[in-house]
Amino acid sequence: MSAQYWFDVAVQTPAHSPVGGLLSYRSPFGMHLGQLVRVPLGRRDVLGVVWALRDAAPPNVPESAVRDVLGVLEGLAPLDNAWLRLVQFSAQYYQRSLGEVALAALPPQLRDLTSEQLARRLKKQNADAAVLITPGPALSEEQGAVLAQMATGTGPFLLFGSTGSGKTEVYLQAVERMLTADPQAQALIMVPEINLTPQLEQRVQSRFGTHAVVSMHSGMTPAQRLKGWLAAHAGQARIVLGTRMAVFASMPHLKLIVVDEEHDPSYKQQEGARYSARDLAVYRGRLQNATVLLASATPSLESWHLSRPANCDDPGGRYQRLLMPSRIGTGLLPKVRRVDMNKQPRRAVLSTQLVAAIQERVERGEQCMLLLNRRGYAPVLHCADCGWKSECKHCSAFRVFHKIDRTLRCHHCGLTERVPRACPECGNADIAPIGRGTEQLEEHLGELLAHVLRPDGNPVRIARIDADSTRLKGALEIQLAQVHSGEVDVLVGTQMIAKGHDFRRITLVAAVNPDTALFSSDFRAPERLFALLMQAAGRAGRDAAQSATSEMWVQTFHPTHALFEALKKHDYPTFAASELAERTAADLPPISHQALLRADARTQEAAQALLNAARETLQAQLMADPNAQALVPQVSVYPAVPMSMQRVADVERAQMLLESPNRMALQKVLWHLHDVLHQVRSQPEHKGVIRWLVDVDPQAI
Ligand code: ADP
Ligand code: ZN
Ligand code: ZN
């Protein structure tokens with residue numbers, strides 16, 4: 001009989017499958033760890049990654065049941081050890097199967113191509129990837145100091161610099177230095193949403209040449225994604241610019257990882273393996289010995305806390321904080337103006353002062369931006385006679401009134417219907433919208449500014465950018481271009497427009513109704529609001545010539561709230577200190593660590609029953625296990641509660657919170673919980689449960 005080699009291969013298996021995504025195969029040929037192979041799985045032929053080499057046939061399985069590897073993907077170097085360890089860690093930490101995480105981290109097309117097709121693709125890849133460096137501007141003193149600190153320290157670094165302080169320039173020059181010093185080195189630059197930042201893509205390409213840079217984000221075609229992935233994997237692409245998924249890019253010579261706007265919630269994946277790309281970036285940096293730079297004008301409290309300086313009774317955080325307080329050039333930060341809405345007529349949407357200020361700016365040829373975090377015309381339609389409201393019959397939410405196409409749309413399940421002519425309950429023809437969304441704000445502004453003329457004598461032009469206006473592919477780019485070219489005078493939109501865009505001529509930004517976040521049940525809401533408003537303020541006055549007159553307006557019923565006081569002074573550290581004090585007092589992250597167990601079922605009782613059964617079994621098993629008993633007092637496991645969005649698309653959702661000051665203890669309990677869930681789930685009384693999932697370090701409670 002000929003020689004046989006045995007391997008464990010990571011393949012795509014169902015999310016919570018007990019095999020964990022590793023299956024054994026054999027082959028008459030030896031193989032490398034990390035090799036990409038095609039293997040049979042059931043009646044299919046699937047992509048897999050060689051994960052472990054075995055000395056002998058796997059025990060407990062008849063030899064004849066082990067199937068042969070069908071072939072290797074020729075021409076592709078094996079995935080390196082650092083990549084394998086990153087995936088392994090992610091699967092373990094975020095409680096998913098290895099196969100799922102490994103396969104999701106590879107470009108989808110790799111799964112489908114025949115070896116001939118792949119060979120053709122490989123032939124088309126650019127052989128050389130010459131970097132053509134166009135030098136950047138001479139650094140400011142602060143920028144120079146930051147780069148010098150990066151050169152001498154090991155990091156991870158948190159670059160805390162105001163908007164417009166030149167953070168992007170700093171990391172571009174860090175990339176430049178590294179590429180010049182090491183002819184193989186690769187850099188990974190991550191941004192929250194690449195669709196929102198085409199300008200950065202251009203900026204990076206014009207600095208390093210189009211061949212050296214590849215992008216990775218969900219807006220690309222499968223073919224483009226494969227092409228970029230292959231270039232990074234082969235070391236040809238020297239720079240990968242991408243969204244959270246790029247943290248898994250195969251980059252054998254990775255030396256620098258930048259996470260721009262590191263506080264942005266979109267770094268957290270919200271389905272499948274719910275990983276935080278920012279946190280994985282830090283982990284990956286350590287694995288691959290690459291420098292990690294997190295950058296933000298409003299860092300996450302997690303990173304801020306981790307970068308706290310040492311003092312007499314605290315050794316300080318693991319991260320090194322780098323500071324750039326000044327804006328580049330003579331650019332000043334905009335003046336923050338709070339409008340006390342208590343003093344406005346009841347139900348006023350826009351204060352008279354704000355309308356006057358907008359008019360003045362439009363007449364001077366400047367642009368304004370208004371933020372309202374609600375799309376549609378009105379969040380609810382209501383019958384005053386019988387009390388009917390436009391509830392969604394499938395969700396615990398109201399359907400939103402969209403006047404443009406006269407529909408009621410559920411933003412959770414998508415249910416869309418024409419607006420009824422009369423109240424569906426009592427026939428009253430007089431049903432009315434309650435509250436305001438961006439559509440209505442746009443309409444309302446049109447009326448208020450109808451008489452206003454631009455310097456060229458034309459009437460004011462108002463535009464709206466939100467998820468509705470940008471549904472079609474390319475729509476966002478077109479709308480942004482209109483703002484840039486000056487065709488638009490007043491821009492209305494959701495937070496989508498507050499991020500990252502470099503609108504040079506905007507001199508006034510207004511938050512129309514930011515108060516809800518002050519009293520939200522989500523403890524991160526104030527942190528989010530502060531970041532959003534600081535970012536939005538950063539949009540104003542990016543042109544030095546105009547920055548002296550730039551303003552950020554906040555309409556609020558709570559003008560003396562500490563958050564707005566700190567905003568007025570552009571004082572993130574004071575805001576962060578007060579938030580951290582509150583989090584410390586309440587034992588919330590980043591002081592403690594959390595995980596959520598969620599269950600979905602047809603009824604709320606069934607969802608909660610699974611969670612509570614898991615909780616009891618978990619406690620009992622931990623107590624009975626001498627090696628695990630010590631975990632019990634370290635990890636609080638709370639009883640099941642309905643989620644705040646309790647029902648979506650006819651599925652009832654419940655959650656259970658786990659919390660611990662000790663991350664490792666929490667992890668250990670989660671591993672126990674994983675087994676417990678498999679046991680409990682298979683009991684007949686929990687048949688009604690549709691699924692369960694674990695969210696480690698959840699971003700919303
Ligand atoms: P941030 O990322 O902090 O918002 P940027 O790096 O985008 O800041 O810099 C803001 C503006 O200042 C950009 O137009 C950039 O080209 C310019 N800039 C940055 N650094 C310098 C410098 N050292 N000299 C001249 N201009 C600079
Ligand atoms: Zn009615
Ligand atoms: Zn719905």
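Author: A salt bridge is a side-chain nitrogen of Lys or Arg within 4 Å of a carboxyl oxygen of Asp or Glu. The model under discussion is predicted, and its structure holds 37 salt bridges.

Reader: Why is the pair of Glu 360 and Arg 364 called a salt bridge?

Author: The closest N and O atoms of Glu 360 and Arg 364 are 3.5 Å apart. The cut-off is 4 Å, so the pair qualifies as a salt bridge.

Reader: What makes Glu 360 buried, exposed or partly exposed?

Author: Glu 360 has a relative accessible area of 43%. Buried means under 20% and exposed means over 50%, with partly exposed in between; Glu 360 is therefore partly exposed.

Reader: How do you know whether Glu 366 and Arg 361 are buried or exposed?

Author: Glu 366 has a relative accessible area of 8%, and Arg 361 has 4%. Both values are under 20%, so both residues count as buried. These two residues form a salt bridge, with the closest N and O atoms 3.7 Å apart.

Reader: What makes one network of Arg 337, Glu 360, Arg 361, Arg 364, Glu 366 and Glu 551?

Author: The six are joined by salt bridges that share partners.

Reader: Why is Arg 38 called buried while Asp 45 is called partly exposed?

Author: Arg 38 has 16% relative accessibility, under the 20% limit, and so counts as buried. Asp 45, at 43%, lies between 20% and 50% and is therefore partly exposed. The two form a salt bridge, their closest N and O atoms being 2.9 Å apart.

Reader: How many salt bridges cross from domain 1 to domain 2, and what else is found there?

Author: Three residue pairs are in polar contact between domain 1 and domain 2. On the side of domain 1 that touches domain 2, α1 gives the most, with seven residues. That side has 17 nonpolar, two polar and four charged residues.

Reader: How is the size of the interface between domain 1 and domain 2 expressed?

Author: The size of an interface is often given as the accessible area lost when the parts come together. Between domain 1 and domain 2 the buried area is about 2000 Å², and carbon and sulfur atoms give 73% of it. Leu 86, Tyr 94 and Gln 109 supply 31% of the area that domain 1 buries against domain 2, more than any other three residues.

Key. Residues numbered from 1 in each chain as written. Chains lettered and ligands numbered in written order. Predicted model: local features only at pLDDT ≥ 70, side-chain atom pairs only at ≥ 80, totals over all residues. Heavy atoms only, no water. Buried area = accessible area lost by both parts, 1.4 Å probe. Polar contact = N/O pair within 3.5 Å; in protein donor to acceptor, adjacent residues only side chain to side chain. Helix = DSSP H or I, 4+ residues; strand = E, 2+ residues; numbered from the N terminus. Nonpolar A, V, L, I, M, F, W, Y, C, P; charged D, E, K, R; others polar. Buried < 20%, exposed > 50% of the residue type's maximum accessible area, 1.4 Å probe, protein only.
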